[in-house]
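The entries follow in the order in which I made them.

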Amino acid sequence: MTDPVRLAIVGSAKLPDPRAPRAAAALIDYLYSAFRAGVDADGGCVVSGGAAGIDTLARERAAVFGWTV
């Protein structure tokens, strides 16, 4: 059995480099894949502040993995 993981994704609302959103999405997807079993475990979750920028991207990418916030 896998221990539950509470994965927090926090970041900046300002992404001055136009390549930053794509790079951030790739990193978030990697983290989600690496910790998937723990997030899927009872009590696991993804935590995001919900602000514009990285927080919103984290919430959107969580939905791709079938997670809701």
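**Entry 1**

I began at G66, which follows α3 and has a positive phi, near 85°; helices here are DSSP runs of H or I with at least four residues, strands are runs of E with at least two, and both are numbered from the N terminus. I noted that this is a predicted model, in which local features need pLDDT of at least 70 and side-chain atom pairs count only at pLDDT 80 or more, while totals for chains, interfaces and linings use all residues. Residues are numbered from 1 along each chain as its sequence is written, and side-chain values use heavy atoms, with hydrogens and water left out.

**Entry 1: confidence**

I looked up pLDDT, the predictor's confidence in each residue from 0 to 100, and found that the protein averages 87, with 97% of the residues scoring at least 70.

**Entry 2: the core**

Which residues have the most contacts inside the largest nonpolar core? I found L7, I9, I28, Y32, V39, V46 and W67, in a core of 15 residues; such a core is a set of buried Ala, Val, Leu, Ile, Met, Phe, Trp, Tyr and Cys residues joined through side-chain atoms within 4.5 Å. At least two residues of this core come from each of β1 (6-9), α1 (20-34) and α3 (54-64).

**Entry 3: the strands**

I then checked β1, where L7 and I9 form the covered face and R6 and A8 the uncovered one. In a regular strand the side chains alternate between the two faces of the sheet. β1 runs parallel to β2 (residues 45-48), and 4 bridges join the two; strands are taken as paired if DSSP finds at least two bridges between them.

I9 stands opposite S48 in β2. Not counting residues up to four places away in sequence, I9 touches I28, L31, Y32, V46, V47, S48, I54, D55 and A58, contact being heavy atoms within 4.5 Å.

C45, found in strand β2, is partly exposed at 28% relative accessibility. With sequence neighbours up to four places away set aside, C45 touches V5, R6, L7 and V39. I also noted that C45 and W67, 22 residues apart in sequence, are 8.0 Å apart from C-alpha to C-alpha.

**Entry 4: the first helix**

I looked at the length of α1, which has 15 residues and reaches 21 Å from its first C-alpha to its last, close to the 21 Å expected at 1.5 Å a residue; the expected span is 1.5 Å times one less than the number of residues. The buried residues of α1 are A24, A25, I28, D29 and Y32. Why are they on the same side of α1? They are on the same side because they cover an arc of only 135° around the axis, the arc being that of the directions from the helix axis to the C-beta atoms.

An α-helix has 3.6 residues a turn, so residues three or four places apart point the same way.

The face of α1 turned away from the buried side carries the exposed residues R22, L27 and Y30. What covers the buried residues of α1 includes β1, α2 (36-40), β2 and α3. I28, leaving aside neighbours within four places in sequence, is in contact with I9, I54, L57, A58 and R61.

In α3 I listed I54, D55, T56, L57, A58 and A62 as buried, and the buried residues of α3 pack against β1, α1 and β2. A62 has a relative accessible area of 1% and so is buried. Beyond four places in sequence, A62 is in contact with Y32 and W67.

Beyond four places in sequence, G11 is in contact with I54 and D55. The C-alpha atoms of G11 and G49 are separated by 9.1 Å, although the two lie 38 residues apart along the chain.

Conventions: Buried < 20%, exposed > 50% of the residue type's maximum accessible area, 1.4 Å probe, protein only.
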